[in-house]
Amino acid sequence: MPLSTAHVVTDRPDRYVKQLISHLGHKAAAEHTGTGRGTITFRSGTCSLLSSPQELVLIAAAADLDSLTGIQDVITRHLLRFAAQEELRVDWSDPVSGDALEIVTPAAEDYLRAHCTPAGQLLTELAETTREATGRAAGMQIAADEGTLLEMLVRLSGARRAIEVGVFTGYSSLCIASALPADGYLLACDVSTEWTAIARPYWQRANVDDRIDLRIGPALDTLRALPAEPAFDFAFIDADKGNYPGYYEEIVPRLVPGGLLVLDNVFLGGRVLDPAFQGDDHQAMRRVNDALARDQRLDVVMLPVRDGVTLARRR
Ligand SMILES: C[S@@+](CC[C@H](N)C(=O)[O-])C[C@H]1O[C@@H](n2cnc3c(N)ncnc32)[C@H](O)[C@@H]1O
């Protein structure tokens with residue numbers, strides 16, 4: 001499905017969001033999805049509206065190029081009509097399909113990666129072992145720069161007690177556990193004994209084995225069995241995408257004030273933006289992304305790191 005965006009420079013983005021929703025709501029399904037945000041759903045596609053300082057961001061998506069042009073025209077015409085007191089420029093980007101969206105241009109991404117602290121010897125060895133032992137599945141492992149980010153976040157947050165959902169061969173567990181203090185605790189959840197068996201010797205060699213409580217079984221069951229009160233400072237979700245909403249619901253109440261929740265793959269390779277992708281995973285990720293952005297218990301920022309990383313801090 002083709003997508004296109006426009007950044008319209010204006011001092012009144014909120015006002016235009018309200019006007020577009022109220023006016024086009026007579027012809028299409030239009031709703032506010034949060035302060036200064038909304039979505040208009042036409043028969044042939046959607047347009048998301050987002051007010052940010054000094055600009056109105058429009059994201060249009062439609063079934064085909066003709067329909068996309070139609071949506072762009074409707075939105076542009078109405079905006080120009082509402083903007084009697086200022087001269088707006090509405091320049092739409094070239095259409096791109098969701099799964100072809102680069103979160104960062106490749107050259108910039110290479111530069112960013114080349115300027116991060118590299119992974120240490122043990123993590124590099126674990127990544128190599130994972131490739132040899134698991135083949136294509138090794139692509140599930142977080143990359144070195146994301147591992148460095150996790151370590152930094154754990155250290156910055158001063159976390160002592162952490163949860164991880166999605167261990168695989170233990171790379172991210174090793175990053176998190178190494179950054180915890182000596183008496184720290186990481187509850188690590190996964191369903192696979194085979195993959196997590198690769199992790200254990202590496203945890204031992206890093207002397208963090210005694211901090212990691214590996215629970216084999218569906219993570220939702222493990223989380224639901226925990227006491228309901230806030231007792232964790234840090235959580236990382238990187239497992240089956242369809243259960244992200246459930247993981248988020250179980251984890252947030254268990255975070256202490258100031259506790260940090262980190263979610264991986266929130267961009268799903270760009271497919272979250274593209275209504276053509278309606279699989280269970282796509283719908284679940286959109287639900288959790290929308291819920292996080294509205295959640296009054298949290299301060300949230302979505303980062304263009306790898307496949308999208310969201311940080312959510314409990315207020
Ligand atoms: C993307 S991998 C995790 C990668 C890991 N964070 C790393 O850095 O190597 C996803 C993991 O989630 C696990 N998983 C899938 N469904 C699960 C479930 N319902 N409960 C717990 N773990 C699950 C898989 O076994 C797999 O190891």
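In the predicted model, P2 has S97 of β6 as its bridge partner, and this pair belongs to the antiparallel pairing of strand β1 (residues 2–9) with β6, which extends over two bridges. Both strands are part of an open sheet of six strands, ordered β2-β3-β4-β5-β1-β6 and paired in the antiparallel sense. The edges of this sheet are formed by β2 (29–34) and β6 (96–97), each of which pairs on one side only. Helix α2 (residues 65–82) packs on the sheet and touches β1, β3 (37–42), β4 (45–52) and β5 (55–62), with a direction that makes about 150° with that of β5.

Strand β5 is joined to β1 by seven bridges, the two strands running antiparallel, and within this pairing V9 has E55 of β5 as its bridge partner. On the side of β4, eight bridges link β4 to β5, again in an antiparallel arrangement, and S48 stands opposite I59 in β5. The strands β4 and β5 form a hairpin with two residues between them, and Q54, which lies in the turn, has a positive phi of about 70°.

A further open sheet comprises seven strands in the order β9-β8-β7-β10-β11-β13-β12, and its pairing is mixed. Here β9 (212–216) and β12 (298–303) stand at the edges, each with a single partner strand, so that one side of each is left without a neighbour in the sheet. Neighbouring strands are turned against each other by 15° on average, direction ignored.

Two helix pairs were examined for their packing. Two packed helices are described by the angle between their axes and the distance between the axes. Helix α5 (residues 144–157) and helix α6 (residues 171–179) pack at an angle of about 30°, with axes 8 Å apart, which makes α5 roughly parallel to α6, given that angles under 35 degrees are counted in that class. The crossing of α5 and α6 is right-handed. On the α5 side the contact is made by G147, L150, E151, V154 and R155, and on the α6 side by Y171, S172, C175, I176, S178 and A179. Classified by residue type, this contact of α5 with α6 has six nonpolar, three polar and two charged residues.

For helix α9 (residues 244–251) and helix α10 (residues 280–294), the axes come within 8 Å and cross at roughly 30°, and α9 and α10 are therefore roughly parallel to each other. Their contact involves Y244, P245 and Y248 of α9 together with A284, M285, R287, V288, A291 and L292 of α10. The residues of the contact of α9 with α10 divide into eight nonpolar, no polar and one charged.

Definitions and conventions
Residues are numbered from 1 along each chain as its sequence is written. This is a predicted model: local features need pLDDT of at least 70, side-chain atom pairs count only at pLDDT 80 or more; totals for chains, interfaces and linings use all residues. Axes are lines fitted to C-alpha atoms, for helices over the stretch in contact, and angles run from 0 to 180 degrees between N-to-C directions. Helices (H or I, at least four residues) and strands (E, at least two) are DSSP runs, numbered from the N terminus. Angles under 35 degrees count as roughly parallel, over 145 as roughly antiparallel, 65 to 115 as roughly perpendicular and the rest as oblique. A crossing is left-handed if the near helix is turned anticlockwise from the far one by less than a right angle, and right-handed if clockwise. Two residues are in contact if their C-beta atoms, placed from the backbone, lie within 7 Å. Ala, Val, Leu, Ile, Met, Phe, Trp, Tyr, Cys and Pro count as nonpolar, Asp, Glu, Lys and Arg as charged, and the others, Gly among them, as polar. Two strands pair if DSSP finds at least two bridges between them.
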